[in-house]
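Q: I would like to learn how to read a structure step by step. Could we take one feature at a time, with the general idea ahead of the case?

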Amino acid sequence: MNRAFNRKKDKSWMHTPEALAKHFIAYNVKFLGHTEVDQPKGTEVVKDAVRKLKFQRHIKKSEGQKIPKVELQISIYGVKILDSKSKEVQYNCQLHRISFCADDKTDKRIFTFICKDSESNKHLCYVFDSEKCAEEITLTIGQAFDLAYKKFLESGGKDVETRKQIGGLQKRIQDLEAENSELKKQLQVLEEQLMIAQVPPGNSMSSKTPTDIFDMVPFSPMTPLVPLPASNGSAPPPPATPSEIKMLTHLDLFGAEPFDPFTCGAADFPPDIQSKLDEMQEGFKMGLTVEGTVFSLDPLEGRC
């Protein structure tokens, strides 16, 4: 293994300072993964991590899984690991958190670096397969360290502190976005529950007025008669008085008083009809004789 942190004044680097300070240098590599290590630096530390991840990758390869391809973006601010197709950032290792970087001289395809995780504060060793560019990538990271250190000396440490504050703010923004998304989901659930609570049940018959077999409201004598407004908008007629109600109850179906022939006076019929009625009444009083038997309808005589 070979460390890339030895800064020399006469060191000749591969890239211009502007390329790493204002932009970044990109490399396409295969990502074997990362694993936790006990120490922030050391050749033997990264050797053990490489052996462990190679063995895990060999098992996954036997199962038919391919090694994922990623893109490394190296600058004075850190090393970003992006998905090679979607360009989505998978890991963002800030440069001041990287404590060790090395390439394997026995296998020029492998290089690795150790970075302290910002959330768990654990030291993680990242291992990559870069075909034949392992040494070049290691030197590029070393050059980024050299430029970042010079900028730190020129700014008196303010630049590093500013980057830390920016990193903290970016982390806070991500946390707030995740919290906002969770609150939106909870609000949507509450709105759905409120809509369900406002809808009356379809089979509820408790508030419906009971009807008879003809689907009509049965008549109740105790129900008060409420006058309805007229169709032309005029005031409704006043309710009927008790005397009017009594008179209406004595009328027949056609609105006339019932006919009683025994209570009608003489002036109620024409003379010819009245005379016949008188004769009939006299005949009932005198009685009828049938074969010698007298029948009388007069209750006062008390005989037949």
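A: Let us begin with a term for later use: helices (H or I, at least four residues) and strands (E, at least two) are DSSP runs, numbered from the N terminus. In this predicted model, the chain has 6 helices and 10 strands. Residues are numbered from 1 along each chain as its sequence is written, and side-chain values use heavy atoms, with hydrogens and water left out. Because this is a predicted model, local features need pLDDT of at least 70 and side-chain atom pairs count only at pLDDT 80 or more, while totals for chains, interfaces and linings use all residues.

Q: What is the mean pLDDT of the chain?
A: The term pLDDT is the predictor's confidence in each residue, from 0 to 100. Here the chain has a mean pLDDT of 76, and 62% of its residues reach 70 or more. Over residues 1-10 the pLDDT stays under 50, and the model has 25 contacts for them beyond four places in sequence, where contact means heavy atoms within 4.5 Å. Residues 288-297 also have pLDDT below 50, with 12 contacts in the model beyond near neighbours in sequence. Where pLDDT is low, the predicted coordinates should not be read in detail.

Q: Which residues of α3 are buried?
A: Buried means under 20% relative accessible area, exposed means over 50%, and partly exposed lies in between (1.4 Å probe, protein chains only). Of the 304 residues of the chain, 23% count as buried. In α3 the buried residues include A134, I137, I141, F145 and L147. The length of this helix can be checked too, since the expected span of a helix is 1.5 Å times one less than its number of residues. For the 22 residues of α3 (residues 134-155) that should give 32 Å, and the end C-alpha atoms are 32 Å apart, which agrees.

Q: Which elements give two or more residues to the lining of the largest pocket?
A: Rolling a probe the size of a water molecule over the atoms shows where empty space is left. On a 1 Å grid over the protein atoms alone, a cavity is a set of points where a 1.4 Å probe fits but cannot get out, and a pocket is an open set with protein on both sides within 12 Å along at least five of seven lines; lining residues have an atom within 4 Å of a point. Grid points are joined across faces, edges and corners, and a volume is the space filled by probe spheres set on the points. The largest pocket holds about 1,000 Å³ of space. Of the 31 residues that line this pocket, N92, C93, Q94, G167 and Q170 are the closest to its centre. The elements giving two or more residues to its lining are β3 (69-75), β4 (78-83), β5 (89-94), β7 (110-116), β8 (123-129) and α4 (158-198). Among them, α4 gives the most, with 8 residues.

Q: Where do K87 and N121 lie?
A: Most residues other than glycine have a negative phi, and most peptide bonds are trans. K87 lies in the loop between β4 and β5, and although K87 is not a glycine, its phi is positive, about 60 degrees. N121, in the loop between β7 and β8, likewise has a positive phi of about 60 degrees without being a glycine. K87 is partly exposed, with a relative accessible area of 42%, and N121 is partly exposed at 45%.
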